[in-house]
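Please look over the sequence and the model below before reading on. The report can then be followed with the structure in view.

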Amino acid sequence: METLEALSLTFVNAVWSTPLVMLLLGGGLFFALYSRGLPYRHLGHAVGIMLGRYDQPDEQGELSHGQALAAALSGTMGLGNISGVALAISAGGPGAVFWMWVSATVGIATKFFTCSLGVMYRGRDDLGRLQGGPMYIIREALPRRYYPLAILFSIAGLIGTLPIFQANQLTALIRQNFLPAEAAPGYFNLIVGCTIAALVAAVIFGGLRRVAAVAVALLPTMVVLYLAMTLFVLVLHAEEVPRLLASIVREAFQPSAVGGGLLGVILIGISRGAFSNEAGVGTEVMAHGAAKTNEPVREGLVAMLGPVADTLIVCTCTALVVLLAGDWQGSEGLSGITLTAGAFRNELGIPGAVLLGVVTLILSTTTMFTCWYYGAKCFGFLFGAHIQHHFRWFYVIAVVFGAAVSIDVVFNIISGCYGLMAIPTMIVSLRLAPRVRAAATEYFRRHPY
């Protein structure tokens, strides 16, 4: 078993290493410069599209622009914002947050390019339904020699989007906050896992439209509640916020020993940023590829709002609360979610821990709803859409498994596969970048505002 754990750790470290981080960071910087900053200059127009001002009911697709963004955000806003930020700080110190900001800033341009392509090159599955995603971009837009990249993405996506991490962390939070350790029976995790699985099944068996409807109904309320909690804490300690922000910037370039040096902090920050906002990973392309639009550039503009809301706003609030509490400096043995929960308990007492539990429950379950859709699309591409519905049962069992067991090998494999998804996504997007820029030029010529 120790050998298997060592191999899985080697695998995840090899994937999330300097080459992949440079591909994500360098690719995003290329997109920003190559587009002459176009995504950043049209944020206002993107908000208007998201609010439905340009929706056309007769266009192709399944979801409105707002629903597509909500579905994509439900896959990112959750444990990446609450647990992932704490893990980044405990592993890399405050400086890791700065590199998460960098990841999100260049990720705005990355999402514009990747998600524009997701609509531009949608394809049909074997049931004739219109689908989007990196694997369909590869199949529809590139020569046959690129097809192995579509297979690589689909296999990695099938494994990397499994809900084991979300189920495990949610169960840990429930166990920590609502049941004393000595009172928890041995089968407690299994009971929680079955309960979560039943909730997930009730939604995903209704298909993508139900997933999007639940996300639209729950996500804004939970995000506003979470931001209200964090802002309340930060207002109470307003005099400390400038110092914390300064420490984030200072530690980004002059890190203490905790992060393993400058390169270690950069790797931690960029990788956690990618987990948070998914820019360049490719999962977001599958969600936005389902948008009801015949204008690919419009969906690219909507998609680029994701890193702003997800990482630059929500993750920053989490980071400041965790740094304010100070527990991250002695966090050995604490998981990300318990570290964040401890920070809120220190500042808001039991009500804060309970509120965080409610927010985490909703956000993590909506993440699991959306990740089912991603995994199902990969499954359908590999084995056929006509048997894709069987994946739901496998996914529900994975929820129970994730809640009931604690095994680093599984988490490492899932994390590594998640990173592997970015390789074909970024390669293909860089290859097709001129087509997106040409489409954007034509779009703004036809739709000046």
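## The chain as a whole

This is a predicted model. The protein chain contains 22 helices and two strands. It has 449 residues, and 60% of them count as buried.

Contacts in the chain can also be sorted by how far apart the partners are in sequence. Among contacts between residues at least 6 apart in sequence, 84% join residues at least 24 apart.

## Helices H11 and H19

Helix H11 covers residues 188-204, and helix H19 covers residues 391-404. The two pack at an angle of about 155 degrees, and their axes are 8 Å apart. Because angles over 145 degrees count as roughly antiparallel, H11 is roughly antiparallel to H19. The crossing of H11 past H19 is right-handed.

On the H11 side, the residues in contact are Asn189, Leu190, Gly193, Cys194, Ile196, Ala197, Val200, Ala201 and Ile204. On the H19 side, they are Arg392, Tyr395, Val396, Val399, Val400, Ala403 and Ala404. Sorted by class, the contact of H11 with H19 has 13 nonpolar, two polar and one charged residues.

One residue of this contact can be followed further. Ala201 has its place in helix H11. With a relative accessibility of 18%, Ala201 counts as buried, because the cut-off for buried is under 20%. Ala201 is 191 residues from Arg392 in sequence, yet the two are 7.6 Å apart in space, C-alpha to C-alpha.

## Helices H16 and H17

Helix H16 (residues 296-303) and helix H17 (residues 305-325) form another pair. Their axes come within 4 Å and cross at roughly 10 degrees. Angles under 35 degrees count as roughly parallel, and H16 and H17 are therefore roughly parallel to each other.

In H16, the residues in contact are Leu301, Val302 and Ala303, and they meet Leu305, Gly306 and Pro307 in H17. By class, this contact of H16 with H17 has five nonpolar residues, one polar residue and no charged residues.

## Cysteines and disulfides

A disulfide is a covalent bond between the sulfur atoms of two cysteines. How many disulfides does a search of the whole structure find? The search finds zero.

Cys194 has 40% relative accessibility, so Cys194 counts as partly exposed. Cys417 has 8% relative accessibility and therefore counts as buried. Cys194 is also among the H11 residues that meet H19.

Tyr34 lies in helix H2, which covers residues 18-34. Which residues does Tyr34 touch, leaving aside those up to four places away in sequence? They are Phe113, Ala433, Pro434 and Arg437. Tyr34 and Pro434 are 400 residues apart in sequence, while their C-alpha atoms are 8.8 Å apart in space.

Phe98 lies in helix H7 (residues 95-120). Is Phe98 buried or exposed? Phe98 has a relative accessible area of 17% and is therefore buried. Not counting residues up to four places away in sequence, Phe98 touches Ile248, Val249, Ala252 and Phe253. Of these, Phe253 is 155 residues from Phe98 in sequence and 9.4 Å from Phe98 in space, C-alpha to C-alpha.

## Two loop residues

Arg36 lies in the loop between H2 and helix H3 (38-41). Arg36 has a positive phi of about 55 degrees, although Arg36 is not a glycine. The relative accessible area of Arg36 is 62%, so Arg36 is exposed.

Gln254 is found in the loop between helix H13 (241-253) and helix H14 (261-277). Its relative accessibility is 57%, and Gln254 therefore counts as exposed. The C-alpha atoms of Gln254 and Val265 are separated by 9.7 Å, with the two residues 11 apart along the chain.

Notes
Residues numbered from 1 in each chain as written. Predicted model: local features only at pLDDT ≥ 70, side-chain atom pairs only at ≥ 80, totals over all residues. Heavy atoms only, no water. Axes fitted to C-alpha atoms, helices over the stretch in contact; angles between N-to-C directions. Parallel < 35°, antiparallel > 145°, perpendicular 65-115°, else oblique. Left-handed = near helix turned anticlockwise from the far one by under 90°. Contact = heavy atoms within 4.5 Å. Nonpolar A, V, L, I, M, F, W, Y, C, P; charged D, E, K, R; others polar. Disulfide = S-S within 2.5 Å. Buried < 20%, exposed > 50% of the residue type's maximum accessible area, 1.4 Å probe, protein only.
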